[in-house]
Amino acid sequence: MSGEDITSEKPPKISPGSPGTGVTLQLPSPIVTRRTRTQSTCQIALSNPEVMGKIKSFCRTKGHGFIRPTDGGEDLFVHISDVEGEYIPLEGDEVRYRLCPIPPKREKMQATHVQIVNFTPEVHLKWNCSVAEGF
């Protein structure tokens with residue numbers, strides 16, 4: 001043992017995030033920020049007029065919610081990627097949106113290009129806050 005160089009020993013294999021390593025992994029958010037749609041679907045949505053409604057429910061962790069149209073009718077599905085702006089919608093927020101048929105059958109409609117136009121009094125969190133902070 002004498003004469004051996006102890007600096008040549010290999011460090012133990014420890015995975016990042018193991019207790020005591022001080023290293024934590026930052027995983028990317030599983031939330032999709034923008035959907036990819038065909039050009040024809042985008043054109044259909046943009047050709048439809050903007051309509052108004054209120055957020056019935058929205059769950060950031062599930063990535064979707066529903067809008068109750070102001071003029072009545074069925075509640076509309078809204079995907080997280082279709083919400084524009086920096087704030088997470090809350091129940092009761094007034095929104096402006098465009099209708100887009102849901103593929104593949106295009107029998108039902110969903111809300112796209114959703115913008116909050118009148119916030120409820122509750123504190124609204126921004127998209128960039130962690131899920132643990134907000135929900």
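Reader: Which residues are linked in a network of salt bridges?

Author: This is a predicted model, in which local features need pLDDT of at least 70 and side-chain atom pairs count only at pLDDT 80 or more, while totals for chains, interfaces and linings use all residues. Residues are numbered from 1 along each chain as its sequence is written, and side-chain values use heavy atoms, with hydrogens and water left out. A salt bridge here is a side-chain nitrogen of Lys or Arg within 4 Å of a carboxyl oxygen of Asp or Glu. On that criterion, the residues joined in a network are E50, R96 and R98.

Reader: How far apart are the closest N and O atoms of R96 and E50?

Author: R96 belongs to strand β5 (residues 94-101) and E50 to strand β1, so that the pair, 46 residues apart, links distant parts of the chain; strands (E, at least two residues) and helices (H or I, at least four) are DSSP runs, numbered from the N terminus. R96 is partly exposed at a relative accessible area of 29%, and E50 is likewise partly exposed at 42%, where buried means under 20%, exposed over 50%, and partly exposed in between (1.4 Å probe, protein chains only). In their salt bridge, the closest N and O atoms are separated by 3.5 Å.

Reader: Which residue meets K126 in a salt bridge?

Author: K126 is partly exposed, with a relative accessibility of 34%, and the side chain that it meets lies at 3.3 Å, N to O. K126 sits in the loop between β6 (109-118) and α2 (131-134), and its partner in the loop between β4 (83-84) and β5, so the pair ties together parts that are 40 residues apart in sequence. That partner, partly exposed at 44%, is E86.

Reader: What is the N to O distance in the salt bridge of R68 and D75?

Author: R68 counts as partly exposed, at 44% relative accessibility, and D75 is also partly exposed, with a relative accessible area of 27%. Their side chains meet in a salt bridge, with an N to O distance of 3.7 Å.

Reader: Is R60 buried or exposed?

Author: R60 is found in the loop between β1 (50-59) and β2 (64-69). A polar atom of its side chain lies 2.7 Å from the backbone oxygen of W127, a polar contact being a pair of N or O atoms within 3.5 Å, of which, within protein, one must be able to donate a hydrogen and the other to accept it, and residues adjacent in sequence count only if both atoms are side-chain atoms. With a relative accessible area of 5%, R60 is buried.
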